[in-house]
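Subject: the model, plus what turned up in it

Hi,

Here is the structure I promised to pass on.

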Amino acid sequence: MPPRRPASRGGRSCTASRPATPCPTGSSSGPASPPTRTAKPGSVRAMEPPTACRTLADYRARHGRSRTDPDLQAMHAVVPIIATWDDHEVCNGWWSGGADEHDPASDGSWADRVAAAKQAYFEWLPVRRAMPGSTQRRLSFGTLVDLTMLDLRSFRSRQVAATDTAGLDDRARTLTGRDQMAWLKDGLARGTATWNLIGSSVMAAPWLLPGARPGAPATVNPDQWDGYRAEQSELFTHLRDHDKRNTVFLTGDLHSSWAGEVPAPGGGAPLASQFVMTSITSTPFGTLYPGGAGAQIVTAILELNPPLQWGESEANGCGVLDVTAARVQMDWYKVADRTRPDSTVTHLKSFAVDGATKRMVPVTTPV
């Protein structure tokens, strides 16, 4: 059974690149009364506004509500935030031309909604923009790291069904937009830093999922790079041809944690590494299943994807990424109770990419 994705986010998502602002989905205006979202049991806070965001005032209120959290205020006060968006900053599952849960008859102009969401986002999370209206940019940290932040919503083609093999492989469809892909490839080819880190709001590494029924064929999540296989192959081939095995993808989105390597097209040594961080307060997908079924799904996913070395789907938490010339290490930390500001936080798992071999190895001790 493929993992369920929580319908809305009741808190923040922690990744190496993305503090997410939750936006419940569905229509928010029109002849009928707007659907109201109230805090579910175990949620950290109620939504504000309690209906789906669609206007500038709505999106401003949503960002502001999240930032009433004193811990988030403290984080903003002491460290810079290098952020990028995914879908819930605008509307669930959005692409360049719309979203399945946006109805122009009740929600108004899609262009106006996106413009409002982006304006509020940039007001609350200032971005040194390389492209107007986008979070794509590149930051260099001396000779150690080139950090590339991707915008994987503004330019993407509409998602297709996981069963639409022709659509998944269609070279005319794009996740990045052709200009952003050219910019990404050029930066990778020219880069001379010890490490290339790529902030990708959706998982880049292949992630086959078990079918919905026993014996059913494996499937994919068409919202991530697996749903745009021609561009996924194009990028992976570029990494292989330019020997950029010093590339590490950093991702959130999946309400779960993963560590693994990115296989090269056609076989051979892995061409990159992938770290996925779970959410701080949003519901982990494994907890949506009773009786330990979430852990069983993780086991099935790992069996389908040998390059993945570890997965976990029931913990909230955060991560610390530490980069030296010798290695890139990710330490996962588990929050015992997401509803308690004084909750204990314990070390969950650590993996590192070795600078000499560019292979991922488990690590016992966090940084």
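Let me start with Phe-351: it counts as buried, because its relative accessibility is 3% (buried means under 20% relative accessible area, exposed over 50%, partly exposed in between, with a 1.4 Å probe and protein chains only). Before going on, note that this is a predicted model, where local features need pLDDT of at least 70, side-chain atom pairs count only at pLDDT 80 or more, and totals for chains, interfaces and linings use all residues. Residues are numbered from 1 along each chain as its sequence is written, and side-chain values use heavy atoms, without hydrogens or water.

**Aromatic rings**

A search of the whole structure gives 10 aromatic pairs (rings of Phe, Tyr and Trp, the last by its six-membered ring, with centres within 6.5 Å; planes under 30 degrees apart are stacked, over 60 edge-to-face, the rest tilted). One of them is Trp-94 with Trp-110, a tilted pair at 6.1 Å centre to centre and 55° between the planes. Trp-94 sits in the loop between helix 2 and helix 3 (104-107), while Trp-110 is in helix 4 (residues 110-124), 16 residues apart (helices are DSSP runs of H or I with at least four residues, strands are E runs of at least two, both numbered from the N terminus). Trp-94 counts as buried at 1% relative accessibility, and Trp-110 does too at 12%.

Phe-351 pairs with Trp-332: the ring centres are 6.3 Å apart and the planes are at 85°, so this pair is edge-to-face. Trp-332 belongs to strand 9 (residues 327-335) and Phe-351 to strand 10 (residues 345-354), so the pair ties together parts 19 residues apart in sequence. Trp-332 is buried, at 1% relative accessibility. Ring pairs also link Phe-275, Trp-310, Trp-332 and Phe-351 into a cluster.

**Cores**

The largest nonpolar core has 33 residues, and those touching the most other members are Trp-207, Trp-225, Leu-235, Leu-239, Phe-249 and Trp-258 (a nonpolar core is a set of buried Ala, Val, Leu, Ile, Met, Phe, Trp, Tyr and Cys residues joined through side-chain atoms within 4.5 Å). Elements giving it two or more residues include helix 6 (178-190), helix 7 (229-241) and helix 8 (293-304). Helix 8 gives the most, with 4 residues. A second, separate core of 19 residues includes Leu-139, Trp-195, Leu-250 and Met-330.

**On the outside**

Val-78, in helix 2 (residues 70-78), counts as exposed, because its relative accessibility is 65%.

Cheers
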